[in-house]
Amino acid sequence: MITKTMHEKDNVILLENGGTKIFLDKKSLSVRVETENVSWETVSGAASFAVGYEHADRFWISLNQAENKQFSPIDSGFLQGVRIQLGPFSSNGKIIGVQADVAVLLNTHSGELVFEVHGISGGTENEVSEVIWPGSFAFSGDREIDYTVVPAMQGYLIPANWQKPILRYHKGMMFDRDAYMPWWGQVKEGNGYLAIIDTPNDARLTVEHVPCVHTHAEVVWIHSLERFDYTRKLRVRFAKDLNYVGMAKMYRQYVRSLGKLRTLAEKQLVNPKLSELMGSAVVHTSVHTRIAPESYYFDKEHPEKNDFAVSFEERALQLAALQQKYAGKLYVHIDGWGRNGYDNLHPDVLPPSPKGGGWEGMRKLQEVCRDQHILLALHDNYRDFYHDADSYNPELTIKHRNGDQEFCDYWAGGAHSWLCTTLSKGYLERNHDKLNENGIYPDGVYIDVFAVVPGDECYDPRHRMTRTECMAYRASCFEELRSRGMIISSEEPTDWAVPYLDLVHHAPYALYPGPGEGPAIGIPTPLFSLVYHDAIVVPWSLDRGAWGIPEADLGLLHGLLNAGVPYLPIQPSDNEIPIVKTMARLHQLIGSLEMTNHEFMDGSWRKQRTTFADGTIVEVDLDGDRYTIQMADGELISEADVHL
């Protein structure tokens, strides 16, 4: 029988469950976890909150500085712990009238430790923008076998003795490139913990690695429309012999328990067309490019490069020739098919580009793709709202707290703001109805940025929107396309979107200064694939140092290791064909199977092995440019020296 006790001694509250003890220091609010094998303790003073919405005016106060602290027990059939009510606070001799309500709980059934923020408020003069609870666990050392696990993009490890700083792209914002998935973990002395952000929509994951000093990782809770009006929850699981693979599998089971693990096999039952996608080579091409003078990409020295097109019909001829040469499954993604070309006039992109051949040319492209059994997908966008779009109206854009709207002129089409996502589905329905009315029925649609940009918030009272609501509106756009029988894709596979997506543009590794190019951040590790390989199709570039591929590595090897689908140029060289066919065949056989294991085969981190549910094993040597594939039926595929 598991013993359950809670008592207080010497200003410390003790929660005990079997071999696990949780100590809460009532003065510092630090939490120490003692298991049979190792001890973890939060950094004193790390638990804190930020006053002020604007970064220039923001200041932080530790929760342990509260003038008053009240502790009351919480006890249910499976949760035992302490509610902590704090406030007011003082800073520089001034009273800060913030009231905080947090909790630390032990699940006496599972042994899981739960941290909650029940509420925090401060009145009009004390605006609380962020809360850190419980703060990071102290983690330092000089051993390579101790490490931190970070699900940034595909994922990476930070060995405790890693001698380089760790770059974060977007301050750790959840569902961005800093955190595809809402979890992290650490391993020391052969024991580890997995932290799952149970309420991730208004959160970020901060990671600070100071070489030879520490590696701190913690969740930061963010206000939603200036409020903390629902419980924020972090779940932490401790286990002996827990490594990064075990963490990924724990998280996978957690996703399954929420009913959110929709595998490719399950998605194919809804849309059988997905079977045609499995084992395809992905061809990414464009019809029309027009670059506005204010765009970053505008070429003043060569004005002819700012507006050019390759017609739909010419692309159709190239695809027919490619199919004759390749003789395999193809999925083609078309950019620049709209009236003014790529990244222009969204969401009012119809009719199709006149320079490309208009409706007639687009129908010809579709006809050739049908005849050649090529899947045809269109690039689309329902977030960027271009100022020269037919329906542009600033009243329809996302507004910040101060009423301002976002502005960007970096991309090809020039000036644009963000369309409020409450309106996105209406535009999507209108556009795709018009496509259908004109005889265009694409096999798939790529909605740009929806699955790589965190949820937006809108303060406009006419279409007020939280991040959570924003993601629901985006999901409704994906589901609308699914209802029309189309393959659904977006930019990158952030966790919330995986149940709705079939395909992404890529899911590569985090690079410095990146994310597009440079050396890897930490040790690249396929954390995302360990969780979701059988739930989504991920294409991989083949070239050395391609976008998201560490500069010294061949993308091909990472693509094989992750058993993804290959990219194929519309006019490939002869030596690319057999390489692409090898990766496509591998995906055809195991693309819908779980990646069950990943291993580093030696101390260099450069020889790696993945295992899949049917027993297929892929080994790569990133320094030697070599790979071997041991198929489940015993067939061995080996290329001793890869040439691209």
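These legends accompany close-up views of one predicted model. Residues are numbered from 1 along each chain as its sequence is written, and side-chain values use heavy atoms, with hydrogens and water left out. In this predicted model, local features need pLDDT of at least 70 and side-chain atom pairs count only at pLDDT 80 or more, while totals for chains, interfaces and linings use all residues.

View A. His-223 sits in the loop between β20 (214-222) and β21 (232-240). Helices (H or I, at least four residues) and strands (E, at least two) are DSSP runs, numbered from the N terminus. The relative accessibility of His-223 is 10%, so His-223 counts as buried. Buried means under 20% relative accessible area, exposed over 50%, and partly exposed in between (1.4 Å probe, protein chains only). A polar atom of the His-223 side chain lies 2.8 Å from the backbone nitrogen of Glu-226. Leaving aside residues up to four places away in sequence, His-223 touches Tyr-53, Val-128, Ser-129, Phe-228, Arg-232, Glu-457, Tyr-459 and Arg-467. Contact here means heavy atoms within 4.5 Å.

**View B. Two cis peptide bonds.** Pro-347 belongs to the loop between β25 (330-335) and α5 (358-371). Another cis bond joins Tyr-512 and Pro-513, with omega about -5 degrees. Pro-513 belongs to the loop between β31 (503-504) and β32 (523-524).

View C. Asp-241 is not a glycine, yet has a positive phi of about 60 degrees. Its place is the loop between β21 and α1 (244-257). Asp-241 counts as exposed because its relative accessibility is 60%. His-373, also not a glycine, has a positive phi of about 60 degrees. His-373 lies in the loop between α5 and β26 (374-380). With a relative accessible area of 67%, His-373 is exposed.

**View D. The second largest pocket.** This pocket holds about 420 Å³ of space. Of its 22 lining residues, Pro-200, Asn-201, Lys-260, Asp-495 and Trp-496 are the closest to its centre. On a 1 Å grid over the protein atoms alone, a pocket is an open set of points where a 1.4 Å probe fits, with protein on both sides within 12 Å along at least five of seven lines; lining residues have an atom within 4 Å of a point. Grid points are joined across faces, edges and corners, and the volume is the space filled by probe spheres set on the points. Helices α1 and α7 (467-483) each supply at least two lining residues.

View E. The whole structure has 26 aromatic pairs. The ring centres of Tyr-297 and Trp-411 are 6.2 Å apart and the planes are at 20 degrees, so this pair is stacked. Rings of Phe, Tyr and Trp (its six-membered ring) pair if their centres lie within 6.5 Å; planes under 30 degrees apart count as stacked, over 60 as edge-to-face and the rest as tilted. Tyr-297 is partly exposed at 40% relative accessibility. Trp-411 is partly exposed, with a relative accessible area of 35%. Tyr-509 and Trp-540 form a tilted pair, 6.0 Å centre to centre with 45 degrees between the planes. Tyr-509 lies in the loop between β31 and β32 and Trp-540 in strand β33 (residues 539-540), so the pair ties together parts 31 residues apart in sequence. Both Tyr-509 and Trp-540 are buried. Trp-40, Phe-137, Phe-139, Tyr-193 and Phe-238 form one aromatic cluster.

Definitions and conventions:
Polar contact = N/O pair within 3.5 Å; in protein donor to acceptor, adjacent residues only side chain to side chain.
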